[in-house]
Amino acid sequence: MDNENHKSRTGRFWPWFKRKDKRSDPFYLGEVTDWGDDEDDDYLDDFSVRSADDDSCLLTNELRVFVGTWNVAGRSPVRSLAVDVDEWLNLKDAADIYVLGFQEIVPLIARNVIGAEDPTEATNWNLLIGKTLNDKYGCPWLTPMLNPITSDNYHYAKGAESERRDSVSSQTASPRRGQEQPGQCSRYKLMASKKMVGVFISVWMKRDLLTRYCVSSVKVCSVACGIMGYLGNKGSVSVSMSIEGTSFCFIAAHLASGEKRGDEGRRNHQVSEIFKRTTFPRLPEDGDNLHPLTILGHDRIFWFGDLNYRLYLDDNLARQLIKKQDWRALQEFDQLERELDDGVFQGWKEGNIEFAPTYKYSSSNCNRYSGGLPSKAGEKQRTPAWCDRILWYGKGVKQLSYFRSESKFSDHRPVSSLFLTQIAVVKPTNPGLSPLRSIIPTITTPNQNVSISVP
């Protein structure tokens, strides 16, 4: 990782707005407050800074971002799974943005790894997610998207349906079953969706945010680094987007499996490859909208998935600590913990793990870890581990919760985290000025989909 490449994109507008004299300015615009352990010192509610000409100010608003990851073991979503998804999304504590990463939405067999992408399972998962979100907050009988997904690669395109900052046309028609009347029923909008073999990401946002904020540069990228280093059984799918003056990057990953000593090296190599090969190239249509090109160029970054890091610990000792629920002692042997301290994820953060290891359960509908003594005939011997993780990087992020759900749908338990994140919004204080979004172009096109593939 080249941390020197990480430069806050909130600084992209500052030549217009920063003060000439920074000496006595505690809210210098080149910095975004980092929330640490002491919120009273690090968090400032609704602060603003006037520019040199006092015609505009910087507002730091906050959004609730839900990040979830789930290895579904090659199983298709079924109608009865709606209850499990509802529990996983924790809808009683609704977020502004839902970012969901899946692994193995199709079995990792040769036909799926080598063959052409089939959008069926991605579509089915998106339909279930949208229905779950909008059953709670919108019209349950409506399809959760303005347009049906026709591929595994969908992203929000600003245009005729830019969430109607202007009033919706007075020409109305009765919506057919399975369609939406724009701007009226479903509360959450699918912003981006990308599938690579079994790795899948789906990003949803509250519709009212699209009327309040400028959302731009929604792009996707996939990096395959599995078999021979270039097949999609392992790798990542990523989404880049900007909300006002703050850029976000979400990376859903599935890394190399294996619990033998040395297997963590393959995972570390794949992480390095994802950093190196994930790109969001600028297009001519972008104009002056200088969105980040790489992962570390973003302001707020979330990396999550079946990262497959295991424990440097004998199986029996691991199970004893799990029985005691001594999570702190167990974490002393966690491979990813070492990478966060001094490895490929140095400088990244993870919340306190106060839940049992999420892998590997014996089978579906089972609360027993696979293997152990006595083990069942033909059952895989696996030391339980926290394979499913959520990390973040950058300032202006505060984790509110980190937990696992108890769905028995697969041999992994889903994991979720809720974050409070800051976004920089520049507002004019002079009524005669146009908003910033009218000054700085924000262009998205249907062609802003990036997939990295190597013959």
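**Figure 1. Surroundings of Q399 in the predicted model.** A polar atom of the Q399 side chain lies 3.5 Å from the backbone nitrogen of G351. The side chain of Q399 also makes a polar contact of 2.7 Å with the side chain of S417. A polar contact is a pair of N or O atoms within 3.5 Å; within protein, one must be able to donate a hydrogen and the other to accept it, and residues adjacent in sequence count only if both atoms are side-chain atoms. Q399 belongs to strand β12 (residues 397–404); strands (E, at least two residues) and helices (H or I, at least four) are DSSP runs, numbered from the N terminus. Leaving aside residues up to four places away in sequence, Q399 touches G351, N352, W392, S417, L418 and F419, contact meaning heavy atoms within 4.5 Å.

This is a predicted model, in which local features need pLDDT of at least 70 and side-chain atom pairs count only at pLDDT 80 or more, while totals for chains, interfaces and linings use all residues. Residues are numbered from 1 along each chain as its sequence is written, and side-chain values use heavy atoms, with hydrogens and water left out.

**Figure 2. Salt bridge between E117 and K195.** The two side chains meet at 2.4 Å, N to O. E117 sits in the loop between α4 (110–114) and α5 (120–137), and K195 in strand β5 (residues 188–196), so that the pair links distant parts of the chain, 78 residues apart. The whole structure has 15 salt bridges, each a side-chain nitrogen of Lys or Arg within 4 Å of a carboxyl oxygen of Asp or Glu.

**Figure 3. Backbone geometry at Y359–K360 and at A73.** The peptide bond joining Y359 and K360 is cis, with omega about 0 degrees. K360 is part of the loop between α10 (335–342) and β11 (388–393). A73 is not a glycine, yet has a positive phi of about 60 degrees; A73 lies in the loop between β2 (56–71) and α3 (82–89). Most residues other than glycine have a negative phi, and most peptide bonds are trans.

**Figure 4. Model confidence.** The protein chain has an average pLDDT of 78, and 69% of the residues score at least 70; pLDDT is the predictor's confidence in each residue, from 0 to 100. Residues 160–184 have pLDDT below 50, and this stretch has 37 contacts in the model beyond near neighbours in sequence.
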